[in-house]
Amino acid sequence: MKRVWISLTLVLCLLLSACAAPAAEPDGNWDPALKNALGLTPEQRLEDYDYFVKTLKDSYLCLGVHDRENPEDPAEEVFADYRKTILENDSDQAFYSAVYSSLYRLGPYGHLWIIEPEDYQRMLDWCRTEDTTGRERWKELIEASEESYKTLKAYLDALGDEDVGSWSGGEAGENLRTLLLPEAGVAYLKVDSFLTDYDPDYQKEAQAIRDFYDAAGDCTDLIIDLTDNSGGNEGYWQDLLTAPLADEPLSCTNYALLADSENNRPYIDNVFAPSDLHPIAELPELPKLERQGLEAATHFVESTLRVEPAAKRAAFHGRVWLLVGPMVYSASESFSVFCQATGFATLVGSRTGGDGIGALNPVMMRLPNSGILIQYTMMYGLNPDGSSSEEAGTTPDILSPAGEPALVTALRAIQAARG
């Protein structure tokens with residue numbers, strides 16, 4: 001498979017806008033002074049919104065997940081409501097709110113969200129400073145929107161944050177915590193985010209993990225806690241958490257669906273060789289595959305995660321336990337899937353948040369007149385039984401009783417494993 005490894009700067013920008021919780025929906029009070037803030041005609045506003053809706057239907061495969069989890073607010077009703085808003089209000093402010101509110105109601109399934117000006121600027125910096133070979137489609141859309149985002153930023157600055165809302169990642173805190181209990185034979189490592197390798201703390205954490213693994217050489221059990229980890233850089237868990245403990249190459253393969261649409265085709269060409277794409281009709285029978293909402297899917301691929309052992313193995317050689325829960329999403333979900341499939345670790349806790357199969361960084365659509373960029377995950381990952389990774393997540397090997405922390409469950413399992 002030809003995989004595109006987007007600059008980690010771009011990855012961070014996309015994931016920062018995808019893994020947190022949204023602010024409140026805009027309230028619909030339009031300021032007459034901002035009527036033409038984006039310089040759009042009524043026809044252009046409607047054209048952009050219709051393009052947005054058509055592209056989601058043709059390219060994004062999580063609308064069915066939204067509808068199943070929100071039967072009282074189906075996607076078709078969302079689209080109809082906000083198209084009417086645009087028709088009834090001759091205002092750029094109403095148009096932007098319609099797009100934003102549509103995304104708010106659809107939910108962030110499959111990393112669906114708008115690229116906001118702060119994140120856009122970091123992406124533009126990536127275009128100008130990094131090698132973008134093999135990443136042409138991302139670069140093309142980002143650079144095409146430069147003037148549009150200057151206009152959008154000026155509009156949002158004039159509007160004020162309180163009326164539009166934004167994603168918020170919460171307070172920053174210590175990302176890596178360790179605890180060594182040699183008398184009990186237990187080592188504990190908590191990682192709250194998988195940092196990109198350009199992050200100033202990445203190398204420091206890499207060394208800290210390696211040192212911790214070596215210090216735990218006499219322990220029988222290692223607990224890795226991901227319960228507050230909602231993703232980041234997939235390479236972090238591959239290179240820092242897994243490779244130092246691997247005795248041989250480890251890999252797992254799952255199916256992921258995609259739609260060969262007009263918007264997705266340039267990304268498909270960047271990422272996959274023609275031989276990687278299999279017609280959807282050839283997909284094996286999977287007992288829990290929910291086909292409703294997947295009418296746009298045209299192909300499937302075999303998505304493989306593979307980790308090679310580090311050049312020097314760490315001293316720890318015992319059992320590994322991975323603590324998971326609903327916060328586990330995206331890259332941390334891919335680690336959970338990998339651990340369960342390969343037997344690298346035993347999963348303990350509660351069902352994860354999902355979207356970690358077919359891990360490919362979000363792609364984008366560009367609205368033709370406003371230049372606004374919308375991100376979404378092109379890949380629709382399937383669990384081994386055919387259920388949606390986004391929808392069903394991963395069920396741990398050992399489920400925690402209601403109200404019991406995963407750590408308590410793991411310690412009890414360790415005690416049982418020792419007899």
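## Basis

The model is predicted: local features need pLDDT of at least 70, side-chain atom pairs count only at pLDDT 80 or more, and totals for chains, interfaces and linings use all residues. Residues are numbered from 1 along each chain as its sequence is written, and side-chain values use heavy atoms, with hydrogens and water left out.

## Overall make-up

The protein has 15 helices and 13 strands. These are DSSP runs numbered from the N terminus (helices H or I, at least four residues; strands E, at least two). Of its 419 residues, 54% are buried (under 20% relative accessible area, 1.4 Å probe, protein chains only).

Take contacts (heavy atoms within 4.5 Å) between residues at least 6 apart in sequence. Of these, 81% join residues at least 24 apart.

## Helix 11

Helix 11 spans residues 234–242 and is mostly covered, with 8 of its 9 residues buried. Among the buried residues are Tyr236, Trp237, Leu240 and Leu241. Their cover includes strand 2 (176–181), strand 3 (186–191) and strand 5 (250–258). Strand 7 (299–307), helix 10 (202–215) and helix 13 (331–342) also contribute.

At the helix start, Asn233 places a side-chain oxygen within 3.0 Å of the backbone nitrogen of Gly235.

## Thr196

Thr196 lies in the loop between strand 3 and helix 10. Thr196 counts as buried because its relative accessibility is 5%. Thr196 and Tyr236 are 40 residues apart in sequence. Their C-alpha atoms are 7.1 Å apart in space.

Technical notes. Buried < 20%, exposed > 50% of the residue type's maximum accessible area, 1.4 Å probe, protein only. Polar contact = N/O pair within 3.5 Å; in protein donor to acceptor, adjacent residues only side chain to side chain.
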